[in-house]
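I opened my notebook to record what I looked up, one entry at a time. The sequence and the structure come first, and my entries follow.

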Amino acid sequence: MSMPETAEAGDIGREMHRLIGELYPICRSITGDGVRQTLGIVQRHIPLTVHEVPSGTPVFDWTVPPEWNIRDAYVKNSRGERVIDFQALNLHVVNYSRPVRATMSLDELRPHLFSEPAHPDWVPYRTTYYQDSWGFCLSDRQLTSLPDDRYEVFIDSTVADGSLTYGECVVQGSGDGDILVSCHVCHPSLANDNLSGIAAAIQLVRRLLERQPRHTFRFIFIPGTIGSITWLALNEDKLATIRHGLVAVNLGDSGPMHYKKSRQGAAEIDQVVEYVLAGQGRPYTLLEFEPYGYDERQFCSPGINLPVGCLMRTPHGRFPEYHTSADNLDLVQPAFLEQSLETFWTVFQVLESNRRYVNLLPKCEPQLGKRGLYDAIGGRSDAKQRQMAMLWVLNFSDGDHSVLDIARRSGLDAAVISDAAVTLLEHDLLAVCDDGGLTSTVRRGGSPA
Ligand code: ZN
């Protein structure tokens, strides 16, 4: 990880951090009441539809698993003291542990205990979703100092028919293309890897609801892997309208922004995110697609092949606190949450404005003066730049070049190019020409089944 960035925290960053603090203690998993409780809190902030998919439902090559719930768990020593206590930290229980009640020696218990020697004070996060087993996680310091004793082991959990729960929030747009944003809701007390994405998604929905976006924005709050597989299997009929997508994760740590490109690699979303990151004047890293990581693995599987990238700060596994008790409320900071939110928002704005236009008077320059177009910008301090933007837009609005193309070619900001285009559109010098443009070119290369 490179040098930590610095940023100023504003009210929104602090609000995001407060929400993460509220969600942090809940014991989430890929199914169960922890997810329901989490989505219930999200529902207090945005209109969210909660879906329940019954255990046993086939979803492509997978099956929705039985539902896991847990009430209590501990390891007690012979004096009756809880030496490992789920109530103190839910990471202490291996997620999806099957129920157990037994008394055993340290040697018998040891195969069920997990620690991370590289960070002896941290408790690791472990799961056993698809294996019929149980276990406890603890700091290596505690593990190596556990005395021989008779230990009472108790996990009050259930694995039973139930459902997989996920949430969906659709902000209807005026056009016909969709933007998919996904975040996962399956990790227990882990702040950056999980809760930071939820906090950002909520803020983005709230902003979008105050506007009339062109795209329809589809936010999904899903358990990792099985959640995206389930959503894709149940929504195959909706995939054809998805034009762009982002997985939102790890948005609160101090590392620079990273963008993992979609499988398509040069889709419009890939170009827009790269343009936005390059324009922010802060360090960032672009990563090529690989079939590992977060739910982009499913969105970018070959039979789905949606243009979905992953926009994050530090990627999974590259910050030492990853999947440990140190991914907590201190690791995620309001200033970085807010900065990540603004990056997503800028990406949305560029996607919203990234249209193609066609010049309706392409033979020589149209006379801007007689249409009052010089007057319209004359008094502004950036009048020269805006005039240049009009000339660029008029010249390259041939149906082939998007706002982003013209911005990159001219060196002018995409927002300035878009404003110029809208002004020219209002003066009947341009027409919108979105069809046959970049989006459909990219989609021809890999449209969903
Ligand atoms: Zn994770």
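How many bridges join strand β17 to β18, and do the two run parallel or antiparallel? Working in what is a predicted model, I found that 2 bridges join β17, residues 356-359, to β18, and that these strands run antiparallel. I also noted one opposing pair, in which Val 358 faces Asp 398 of β18.

Next I looked up the sheet itself, an open one of 3 strands in the order β18-β17-β19, with antiparallel pairing. Because β18 (398-402) and β19 (430-432) each have a single partner strand, they stand at the edges, and one side of each is left without a neighbour in the sheet. I noted that neighbouring strands here are turned by 35° against each other on average, direction ignored.

I then turned to helix α12, residues 403-410, which lies across β17 and β18 and runs at about 65° to β18. I looked up a helix that meets α12, and found that the axis of α7 (residues 268-279) comes within 11 Å of the α12 axis, the two crossing at roughly 40°. The crossing is left-handed. On the α7 side the contact is made by Gln 271, Val 272 and Tyr 275, and on the α12 side by Leu 404, Ala 407 and Arg 408. By class I recorded 4 nonpolar, 1 polar and 1 charged residues in this contact.

My last entry concerns Arg 218, which I located in strand β12, residues 216-222. Is Arg 218 buried or exposed? Its relative accessibility is 10%, so Arg 218 counts as buried, the cut-off being under 20%. Beyond its neighbours within four places in sequence, Arg 218 is in contact with several residues, among them Glu 168, Asp 178, Trp 231 and Lys 238.

Conventions. Residues numbered from 1 in each chain as written. Predicted model: local features only at pLDDT ≥ 70, side-chain atom pairs only at ≥ 80, totals over all residues. Heavy atoms only, no water. Pairing = 2+ DSSP bridges. Helix = DSSP H or I, 4+ residues; strand = E, 2+ residues; numbered from the N terminus. Axes fitted to C-alpha atoms, helices over the stretch in contact; angles between N-to-C directions. Contact = heavy atoms within 4.5 Å. Buried < 20%, exposed > 50% of the residue type's maximum accessible area, 1.4 Å probe, protein only. Left-handed = near helix turned anticlockwise from the far one by under 90°. Nonpolar A, V, L, I, M, F, W, Y, C, P; charged D, E, K, R; others polar.
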